[in-house]
Amino acid sequence: MSPPRIMLLPSPPSSGSVGSVSKTLGIAKVLQSQGCTVSFVIGGKLAEFVRANGFQVYDYPIPLPSANSGDVRSAADYVEWTGMAESGFIRQAVEAELKAIQAFKPNAIFAESRPSASISAAVAQIPALMIASWPSHPAFPANLQYPGSAKAIAAFNEVLADYSLDSVSNLAELLFSRATIKMAPTLPELEPELAALKECDFAGYILDLEARQSSNLQWHPDWQDKPLIFIYLSVSAIPPLIYIELVKEIFDKQPYRVACLCGFHYELKALPDHTDNIQFHWFIPAAEIMPEAALVIFHGGQDTMLTTMLHGLPSITIPGQHFERDYNCTQLQNLGLTYKLPVQAFRPSRIRKIVETALNDNLAELRGHYRSKLRTLSGTENCCAALIALAQKKAGRCNL
């Protein structure tokens, strides 16, 4: 039997988030090490990032984020805000995926937060493993309240009808509900509602823990031994041009080293210069920075949350008005694993005080408990095993 051929479709938004692509690179490396042939379908700077890691990439259109920077209340709001619900983009996205499928001939597909993948996988009759989460489930309360605009739902249903696929009444139905395998990269304690549904496999984590890339994390000698604070706010309620200035104001000459990851944000054309104790980077691999970090300040995204937990680190979370991030941060807070703050608290006096509290609290044993629990699970390897099994089953049917 030929080596399994697996196509990876990470979340495509050009808004600056790198979490999905970084996670998918971790999957790609494990699959490749196990003899699989792997390709990506992605566009823009994310495609450049994937190619720089040595993987084949098929072209994909770049969704243009909405000019509306309001609250992201639901999964449908996310799909619309990122531009993935625009009628023209939906068609281009499905056509690009089908063209890539025809060229690469995958036996299985992996996808995350990518509604077009549900369509192309069904049309091509390729089994798909998709990332599941409670905030992206159609029954999540916010998704029931905000299922998507009539225009966006009609745009997807028009394309679904063209391919003789069932229509949707909620955009969240296209995120993972139609997948062959639904895999949640988290713990049941973090998403108890999803666990109660008993329709998903819990992987613990799916992350790229082996990535290495030189980030020039060299510090002025006077600061070399200071605690390292890692900041990743991604695409959040605080635009990068604002949070960059706030990071400088909060931490300049304070007794910490600060590494701020900015992602590939479309609004950010260049990085600011480093100071003696503050550095700004497009991307820093978790495996490079987390072992040295003493504290993480982040937006509540799932991948950074799990990476922080895997390293047993204290955290400060600032989710803003974002359905998934607020849910994640609330769950973390309920477990005693983070200090959750409103956006308006991202100010010098408040952050400095919480940083000192987080670095000196007595919760190391609690964080160690969840660190150990996550580390007993081989989430990325389990995900790859499931993908390989899907691919081999598909290939076996095709050879009959």
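Is Tyr60 buried or exposed? Tyr60 is buried, because its relative accessible area is 3%, and buried means under 20%, exposed over 50% and partly exposed in between, with a 1.4 Å probe and protein chains only.

Before going on, a note on the source. This is a predicted model, so local features need pLDDT of at least 70 and side-chain atom pairs count only at pLDDT 80 or more, while totals for chains, interfaces and linings use all residues. Residues are numbered from 1 along each chain as its sequence is written, and side-chain values use heavy atoms, with hydrogens and water left out.

Now the rings. A search of the whole structure gives eight aromatic pairs. Rings of Phe, Tyr and Trp (its six-membered ring) pair if their centres lie within 6.5 Å; planes under 30 degrees apart count as stacked, over 60 as edge-to-face and the rest as tilted. One of the pairs is Tyr60 with Phe89: the centres are 5.9 Å apart and the planes stand at 85 degrees, so this pair is edge-to-face. The two residues are 29 apart and link distant parts of the chain, with Tyr60 in the loop between strand E3 (56-58) and helix H3 (75-81), and Phe89 in helix H4 (residues 87-104). Helices (H or I, at least four residues) and strands (E, at least two) are DSSP runs, numbered from the N terminus. Phe89 is buried, at a relative accessible area of 9%.

Phe251 and Tyr256 also make an edge-to-face pair, with 6.3 Å from centre to centre and 80 degrees between the planes. Phe251 is buried at 1% relative accessible area, and Tyr256 is buried at 11%. Elsewhere, Trp134, Phe140, Phe323 and Tyr327 form one aromatic cluster.

Back to Tyr60. Arg114 lies over its face, at 3.8 Å from the ring centre. A charge sits over a ring if NZ of Lys or CZ of Arg is within 6 Å of the ring centre and within 35 degrees of the ring normal. Arg5 lies over the face of Phe104 at 4.3 Å from the ring centre.

Last, the serine. Ser11 lies in the loop between strand E1 (5-9) and helix H1 (19-33), and Ser11 is buried, with a relative accessible area of 9%. What does the side chain of Ser11 make a polar contact with? The partner is the side chain of Tyr78, at 3.1 Å. A polar contact is a pair of N or O atoms within 3.5 Å; within protein, one must be able to donate a hydrogen and the other to accept it, and residues adjacent in sequence count only if both atoms are side-chain atoms. The Ser11 side chain also reaches the backbone oxygen of Ser113 at 3.3 Å.
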